[in-house]
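The following questions and answers concern how structural terms are assigned from computed values. Please consult the sequence and the structure while reading.

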Amino acid sequence: MIHLKVSNLHKRFGGLHVLKGVSFEVNGPELIGLIGPNGAGKTTLTNVLDGAVTPNSGTVYLNDQRIDQLQPFEVARAGLGRTFQVTRAFRRMTVLENLAVPALALGRTGGAAELRDKSMSVLEFLTLDHLRNEYAQALSGGQQKLLELGRLLMLDPDVVILDEPFAGVHPKLMEIIYAYIRRVNEAGKAIIIISHQMDAVFALSERLLVLNFGDMIADGPPDEVKRDPAVIEAYLGVDEEEDA
Ligand SMILES: Nc1ncnc2c1ncn2[C@@H]1O[C@H](COP(=O)(O)OP(=O)(O)O)[C@@H](O)[C@H]1O
Ligand SMILES: [Mg+2]
């Protein structure tokens, strides 16, 4: 059973206290939305969880293994994977080569044929198979996001964190990302979706976390969180005004 336990995380950048004692747990294949205003600390939390940023204090356990002091490749090996708000493909490698890199780096390969078969089935699912021999830099922004999702699929992590997966994505690709999320979740994996797109978050999430300038101010079923006065004041109310 997948178990992520985040306890009392603090992160400061100089005088800026970005995470102020963040705690939450993920039990099993949950589909979780993580929302909060710009600058709330969502990406920083993701960076701490994936090992890119070391917290000042607090702990993270994944399946009983402590991961908060590990390097990103070790965290990936432990079973947590993430995508980036700003995509990071290897621009001068082909689409197919991009998929092979994480699997090769973590030693998760059978033979070359097996790796290629798996890569091709991932590309077909993401409708990128016709682009397999193109350089990643030739892809659209949305396609690069799909490629990054594909790289995660190759590693098959227990916990997947998607940082703004819908930002700048064409509606057609959005459907593929929805299908991706459902497929990974149905395969028994936990997913945390960070997004400003409330319709997408509410359509997909079974549970909502709200981070407000370093504090986790809500954690519960989306319908309840939506009505929480603290959440409305901190985020949803303001956002609706901006959208109007
Ligand atoms: N490496 C860093 N150095 C200094 N400040 C940072 C760094 N990363 C993030 N911050 C600051 O931390 C705050 C939270 O940022 P971020 O985690 O990106 O928020 P969100 O993803 O919720 O929009 C912001 O004020 C941002 O400027
Ligand atoms: Mg962010």
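Q: What makes the span of helix α4 (residues 112-125) agree with expectation?
A: Helices (H or I, at least four residues) and strands (E, at least two) are DSSP runs, numbered from the N terminus. The expected span is 1.5 Å times one less than the number of residues. Because α4 has 14 residues, it should span 20 Å, and its end C-alpha atoms are 20 Å apart, which agrees. This is a predicted model, in which local features need pLDDT of at least 70, side-chain atom pairs count only at pLDDT 80 or more, and totals for chains, interfaces and linings use all residues. Residues are numbered from 1 along each chain as its sequence is written, and side-chain values use heavy atoms, with hydrogens and water left out.

Q: Which residues of α4 are called buried?
A: Buried means under 20% relative accessible area, exposed over 50%, and partly exposed in between (1.4 Å probe, protein chains only). Leu115, Ser119, Met120, Val122 and Leu123 of α4 are buried. These residues lie on the same side of α4, because they cover an arc of only 160° around the axis, the arc being that of the directions from the helix axis to the C-beta atoms. The face turned away from the buried side of α4 carries the exposed Ala113, Glu114 and Asp117.

Q: Why is α4 called oblique to α5?
A: Axes are lines fitted to C-alpha atoms, for helices over the stretch in contact, and angles run from 0 to 180 degrees between N-to-C directions. Angles under 35 degrees count as roughly parallel, over 145 as roughly antiparallel, 65 to 115 as roughly perpendicular and the rest as oblique. The axes of α4 and α5 come within 10 Å and cross at roughly 135°. That angle makes α4 oblique to α5. The contact (heavy atoms within 4.5 Å) involves residues including Leu115 and Val122 of α4 and Leu153 of α5.

Q: Why are α3 and α5 described as oblique to each other?
A: The axes of α3 and α5 come within 8 Å and cross at roughly 40°. The two helices are therefore oblique to each other. Among the residues that meet are Leu99 in α3 and Leu147 in α5.

Q: Why does Asn8 count as partly exposed?
A: Asn8 has 45% relative accessibility and therefore counts as partly exposed. Asn8 lies in strand β1 (residues 3-13), and its phi is near 55°, a positive value in a residue other than glycine.

Note on methods:
Chains lettered and ligands numbered in written order.
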